[in-house]
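Colleague: Before I rely on any of the labels in this model, I would like to hear what lies behind each of them. Could we go through them one by one?

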Amino acid sequence: MTAPRGTVDWFATRGTPLQGSHRVPGDKSVSHRAIMLASIADGTTTIDGFLEGEDTRATAEIFRQMGVAIDAPAPSRRVVHGVGIDGLQAPRGPLDCGNAGTAMRLLAGLLCGQAFDSALVGDRSLSARPMQRVMEPLRAMGARVESHDGQRPPLRIRGGAALHGIDFTPEVASAQVKSAVLLAGLYGAGETVVREPRPTRDYTERMLGQFGWPVEHSPGLARLRGGHRLRAIHVQVPADFSSAAFLVVAATLVPGSEVLLPAVGINPRRTGLLAVLRAMGADVAAIDEREQGGESVADLRVRHAPLSGIAVPEDLVADMIDEFPVLAIAAACARGTTVIRGAAELRVKESDRISAMAQGLRSLGIAVQETLDGAVIEGGTLRGGRVDSRGDHRVAMAFAVGGQVAASGIVVRDVANVATSFPGFDMLARTAGFGLHAR
Ligand code: S3P
């Protein structure tokens, strides 16, 4: 397990109405995948809009350890000198994924197909997250992968396994599981098919296609065969919808706000929160929808609007799986009751997000009933107080949003991990109008 670092807290308090145009950093899911596919492609790939977060830098560092030259000629740009589908080299030591579940699960799939042994480790949070969900299908493909207790990291992967394709229906709707299986499938004999219980984000399938690997996919289904090669491309990473979500909710809640968030990725498998917020009464317009590097982007214009509680449709859960912490803040400030169901996956994210949000909101005076797979949140008035982010980046940013409308300030404990997905969040948020300071 990698060492924990020092604690930083925030003091989040009412600022001014949110105003201006703010460019949020690049998409985390796309940035991870761009480094991975560019590394095993033939030729040199340039990635623009790369997320300079700790999670995605960890992925780049891992590929450097496997012999891939990756230049960083400017912030948010990476030039990856691909080594080809079989060109990775044995790393000298364990590969450190830090806080990044996406790195560990996708790499588990990719590394099963290599000729060399490898080990994947992570920080305290990642070391507690379930890995059977990837180990089981990978073993069914012929991979030799073990974890220290049969469930959790570290993972040890034996090289030289003869992989074969499978026809796989995962129990949980997870883009990470789907992607691990597809990446192993690149190295497998025959066809690999993943049939999902609910469609999840499709960046792996789409990006493989852009790199020239034949992939058949539709929502909830992906199919490919081993034995092709990837060709270098230029990747333009859209702004991360999940990072934009904190500003979308803050501008919705703070009276007098109007912000513009340019070139945000609006892949429908990510934007479930927009549908839910709109149903609650939010005023969010997606302007100038266009295609950028094979993904749909739009400028999001958000104006303040009062919200009413709703029952969140269960078929939207996978499309907004990372947005529940900030949705819980919106629900706490809405009129009436919001009901979240079918979201048990939130218990195994960077923290148990159901418990983290319920406990934090209760300490701020909001009535929350926690259920196994969700919560019932009664809208009310947030008072000030102290909340623990549990080292979870999205819980920390969600409570920073809460501080913008709370009756008095909120101390948000342990926010250092915000740098995993949204480096510079506090500065950008202050520029937009937040009251937010380290302490
Ligand atoms: C991700 C998939 C989701 C999401 C995570 C990123 C990805 O996880 O929560 O932040 O990039 O594939 P699951 O696949 O576990 O749902």
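Colleague: How many bridges join E6 to strand E7, and in which direction do the two strands run?

Modeller: Two bridges join E6 to E7 (residues 118-121), and the two strands run parallel. Two strands pair if DSSP finds at least two bridges between them, so E6 and E7, with two bridges, count as a pair. Strands here are DSSP runs of at least two residues (E) and helices runs of at least four (H or I), both numbered from the N terminus. Please bear in mind that this is a predicted model, in which local features need pLDDT of at least 70 and side-chain atom pairs count only at pLDDT 80 or more, while totals for chains, interfaces and linings use all residues. Residues are numbered from 1 along each chain as its sequence is written, and side-chain values use heavy atoms, with hydrogens and water left out.

Colleague: What is the strand order of the open sheet that contains E6, and which are its edge strands?

Modeller: The order of its four strands is E6-E7-E9-E8, with mixed pairing. The edge strands are E6 (95-96) and E8 (144-147), since each pairs on one side only.

Colleague: What packs on this sheet, and at what angle to E7?

Modeller: Helix H3 (residues 101-112) touches E6, E7 and strand E9 (155-158), and its direction makes about 175° with that of E7. Touching here is contact, that is, heavy atoms within 4.5 Å. Angles run from 0 to 180 degrees between N-to-C directions, with axes fitted to C-alpha atoms, for helices over the stretch in contact. Helix H4 (residues 132-140), in turn, lies across E8 and E9 and runs at about 155° to E8.

Colleague: Why is Asp322 called buried?

Modeller: Its relative accessible area is 11%, and buried means under 20% (exposed is over 50%, partly exposed in between, with a 1.4 Å probe and protein chains only), so Asp322 is buried. Asp322 is placed in the loop between strand E17 (295-303) and helix H9 (324-332).

Colleague: What joins the side chains of Asp322 and Arg201?

Modeller: A polar contact of 3.2 Å joins them, the limit being 3.5 Å for a pair of N or O atoms; within protein, one must be able to donate a hydrogen and the other to accept it, and residues adjacent in sequence count only if both atoms are side-chain atoms.
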